[in-house]
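Biologist: I would like to learn how to read the ligand sites in a model like this one. Please take them one at a time.

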Amino acid sequence: MTSTRTIPFRCPHPECGNLQETADRTGLACDKGHVYPYAPGTQIPVFADAPAGSSEYSIVDAAEIHDNALRWLFATFCTDEDTLRENLISRLGLVPGQSLLVTGAGAGNDLPYIAEKMEGRGTIHAQDIASQMLLAGASRHGDALSAIGIDIRFSVCDATQLPYADRVFDAAYHYGGINLFSSVGQGIAEMNRVVKPGGKIVISDEGLAPWLLNSEIGKQLVANNHLYACQAPIALLPETARDVKLSFELHNCFYVIEFSVGDGPLPINIDVPHVGRRGGSIRKRYAGRLEGIDPALKEAVYAEAERVGESRVDFLEKALRAALRT
Ligand SMILES: C[S@@+](CC[C@H](N)C(=O)[O-])C[C@H]1O[C@@H](n2cnc3c(N)ncnc32)[C@H](O)[C@@H]1O
Ligand SMILES: [Zn+2]
C-alpha cells in the first residue's frame, strides 16, 4: 500500500474541512474563518503552539537542551542513537512511497532514519506542539530530506487534535513525549484516526517494565525522573487495535507499543450455541436477559429442563414462545 498524493492539512475544528492558503500567503484558512499563520519566515502552519516558557521544549535553545538530554540518555543506557532509532523505526515496516506521520517529532532526530527506510521516496509529516523544537527540526532536516526526494511537511499543532482527515497516512510513529500529552488516550486515538486501516502505529516513551518498579534501580530512575514510573498505556488502545505487541527497550526502561489499525468489529461469532446445561450463546447470555422471577419457580424450571434433557435456554425459549402463542 503506497501513497504518492500530497496529504493536505485540514482545519482541526470538528465541523470544518480543508484549508486554503490565504490571499496574502501568510498562512492557511478554512471557509469558516479559522486562520493559521505560518511561522515567521517559513511555510510551516501553526495550529497550536505551547506558550513560551510553559515547558523545557518551549524555551530558547530548547533543541540544544534536548540534544544534551539525549546524550545523557544514550550514555546512561549504554547504547547509541542509531541503534535505538533504527530498532524502533524498523518496526513500522515502511516501504518506499509510503506516508508517515511523526507526532511529538521535536527537533526531528528520527527523520533521517525514516527517510533511509523510505529509500528517499515517500511523505513524512512531522508535528510538535512546541515551535522552538519543531522549527529547529525543520531547519536541521527539512532541506536535506527534500533534496533526496522526500515530501516532508512540518506543522506546529497538538498531537491530541491533529489537522488531518481520517485515514490518510500509511503509518504513524511517536518516540519520547506521549507521557507528557494532556491526554495520552487522545494522542493514541488521533494517531489511530489518521492512519488507514491495516497501517502500523509504533509508540515508545519512558516507562519501566512493571517488574522493575520496586527494584533498587527502578526506584533510582523514578527519583531521577518521575516519567520512568509511567506505565505502558496499553489499556488506552482503541477497541479496533490489531496485532498488538508490548515490549521494552533501553534495558526494560522504555515501553514500546506496536499495533495495526483495525477496520470494523472483531470477527467474533457471538451466536455459536453452547452445548450443556445452561445453553444459549454469547449474544443470548448478554442481550437476552429477562426480569427477575420467583427463585422457587426458577429452580423448578431448571429441574424440569434437566428432567426433559434440554438446556435451560432452550427450555425457557420454548416455554416463552408457547406462552406468547396463547
Ligand atoms: C523528549 S521530546 C522528544 C522529541 C523527539 N520525538 C525525539 O525523539 O527526539 C518530547 C516532545 O514531545 C512534544 N510534545 C509534548 N506534548 C505534545 C503534544 N500535545 N503534541 C505534540 N507534541 C507534544 C514536546 O514539545 C517535545 O518536543
Ligand atoms: Zn475551521
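**Reading the two sites**

Modeller: Start with one polar contact, meaning a pair of N or O atoms within 3.5 Å: an N or O atom in the side chain of Asp-128 is 2.6 Å from an oxygen atom of ligand 1. This is a predicted model, where local features need pLDDT of at least 70, side-chain atom pairs count only at pLDDT 80 or more, and totals for chains, interfaces and linings use all residues. Residues are numbered from 1 along each chain, chains are lettered from A and ligands numbered from 1 in the order written, and side-chain values use heavy atoms, without hydrogens and water.

Biologist: Which backbone atoms lie 2.9 Å and 2.7 Å from a nitrogen atom of ligand 1?

Modeller: At 2.9 Å there is a backbone N or O atom of Ala-159, and at 2.7 Å a polar backbone atom of Tyr-175.

Biologist: How much of ligand 1 does the protein bury?

Modeller: Accessible areas come from the Shrake-Rupley method with a 1.4 Å probe. Ligand 1 alone exposes 590 Å², and 94% of that is buried by the protein.

Biologist: Which atoms coordinate the zinc ion (ligand 2)?

Modeller: Donors are N, O and S atoms within 2.8 Å of the metal (3.2 Å for Na, K and Ca). Here they are SG of Cys-11, Cys-16 and Cys-30 and ND1 of His-34, at 2.2 to 2.4 Å. Their spacing along the chain is C-x4-C-x13-C-x3-H.

Biologist: Why is the arrangement called tetrahedral?

Modeller: Four donors count as tetrahedral if all angles lie between 85 and 135 degrees. The 4 donor atoms around the zinc ion (ligand 2) subtend angles of 96 to 122 degrees, so the arrangement is tetrahedral.

Methods:
Polar contact = N/O pair within 3.5 Å; in protein donor to acceptor, adjacent residues only side chain to side chain. Tetrahedral: all angles 85-135°; square planar, octahedral: opposite > 155°, others 65-115°.
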